[in-house]
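Here is a short walk through one structure.

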Amino acid sequence: MAAMPSNWRTKFFPNLSFTPNRTMGHILIICGDASADQHGAALVKALRQKDPTVRVSALGGSHLRQTVDQFIYPLVGIGGFGFWEPLTKLPQLWEAWTAFKHCLLTDRPDIVVPIDYYGFNIHAARRAHRMNIPVAYYVSPQVWASRPGRIQQLAAAIDKMLVIFPFEVDLYKKADVPVSFVGHPLIERLPGPGVEAVTPVIGLLPGSRRGIIARHLPILIQTAERLKKEFPLMRCVLFHPEEIERAFYAPFLAGSRWIELIDDPAYETRRTVWLAIGVSGTAALENMLLGIPMIILYKLSTLTYWIARALIRVPYIGIPNILAGKSVIPELLQKEATPEHLAATARPLLSDTFGRQAMRETLLSLRATLKEGGSSRAADEILEMIA
């Protein structure tokens with residue numbers, strides 16, 4: 001058995017116990033990013049509603065820490081995304097991997113549930129599979145966007161894939177992977193569409209990881225400054241993800257104190273913005289589900305961009321455009337992602353009420369393609385596998 005680091009438990013979880021309990025179903029959840037952490041917590045709540053005796057352990061983040069019986073490791077706090085960042089996180093990733101293996105050996109779960117986060121979770125799935133522990137992979141990695149060969153890697157390591165987008169089903173069926181479309185868990189967490197504020201409001205969404213925020217927030221602030229000159233009554237809100245401390249934003253906002261840094265867990269402000277400008281990912285999907293007109297931007301280092309360009313096989317990066325199969329929202333990437341271009345793209349949307357309403361209706365029509373109840377259906381699938 002692999003030896004645990006001597007300071008592992010006392011460093012992170014002095015009260016953590018690995019006392020096995022075989023009297024009830026034991027589910028091990030693994031997620032490595034903030035949105036998956038929220039999906040995981042919602043899944044735990046659905047599992048407990050259906051079977052109060054179920055016992056859940058997890059590697060994850062703050063949401064799972066609050067909901068599971070045994071929190072094993074703060075994997076969400078590590079990061080490690082992209083082509084180069086994982087290399088800088090190897091000590092923490094190894095510590096997480098050691099904790100995962102220790103759990104498998106000392107408190108064997110009845111099923112392992114990886115959520116997205118392919119780089120770590122494919123190894124976790126393989127290890128569980130070799131130990132004859134069922135694996136239900138919840139939320140497919142974006143194999144349809146790049147590196148489709150990963151489907152075959154997943155096929156050899158999992159027992160079932162639980163997907164959240166309808167177009168993902170055929171991809172796994174073609175690879176002979178058992179698959180179920182359970183619906184998107186975000187729908188059950190978000191409120192319905194709101195009503196625009198009386199005066200212009202733009203929302204800035206630079207991401208939920210420090211590196212991505214640092215790359216995009218200066219561009220967004222400069223864009224907002226340009227728009228403020230043309231729309232003097234405009235309010236600008238910068239949405240603060242709970243995973244990042246507020247002090248992180250202070251250097252960026254030092255010269256733009258009119259921009260409001262706000263917490264908005266219930267989306268009360270977000271639902272009222274006229275236009276959102278931000279990076280692709282979960283925030284763009286949230287905007288779509290709320291019917292918020294938006295512009296997507298994204299910048300990578302030159303080397304990373306060319307590697308990504310060689311790998312990516314879809315014409316869009318924003319999920320609204322991918323679902324629609326055409327461009328329904330603007331995407332400004334790399335050299336186009338400048339304050340000048342962003343302001344020029346935002347200007348007509350802020351000036352045209354009917355244009356924004358048309359985009360809002362298009363986005364809400366895409367929401368209708370995703371069924372509700374993702375967490376509940378996923379819970380049913382998982383409990384059926386361990387019954």
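The largest nonpolar core has 89 residues, and Ile 29 and Tyr 138 touch the most other members. A nonpolar core here is a set of buried Ala, Val, Leu, Ile, Met, Phe, Trp, Tyr and Cys residues joined through side-chain atoms within 4.5 Å. Buried means under 20% relative accessible area, exposed over 50%, and partly exposed in between (1.4 Å probe, protein chains only). Helix α10 (residues 210-230) gives this core its largest share, seven residues. Another core lies apart from it, with 38 residues, including Leu 75, Phe 120, Val 135 and Leu 154. In soluble globular proteins, nonpolar side chains tend to be buried together.

This is a predicted model: local features need pLDDT of at least 70, side-chain atom pairs count only at pLDDT 80 or more, and totals for chains, interfaces and linings use all residues. Residues are numbered from 1 along each chain as its sequence is written, and side-chain values use heavy atoms, with hydrogens and water left out.

Now the cysteines. Cys 31 is buried, at 0% relative accessibility. Cys 236 is buried too, with a relative accessible area of 0%.

Next, the loops. Helices (H or I, at least four residues) and strands (E, at least two) are DSSP runs, numbered from the N terminus. Tyr 117 sits in the loop between β4 (111-115) and α6 (118-130). Tyr 117 is not a glycine, yet its phi is positive, about 50 degrees. Tyr 117 counts as buried because its relative accessibility is 7%. Gln 334 lies in the loop between β13 (331-333) and α15 (339-351). Gln 334 also has a positive phi of about 50 degrees without being a glycine. With a relative accessible area of 14%, Gln 334 is buried.
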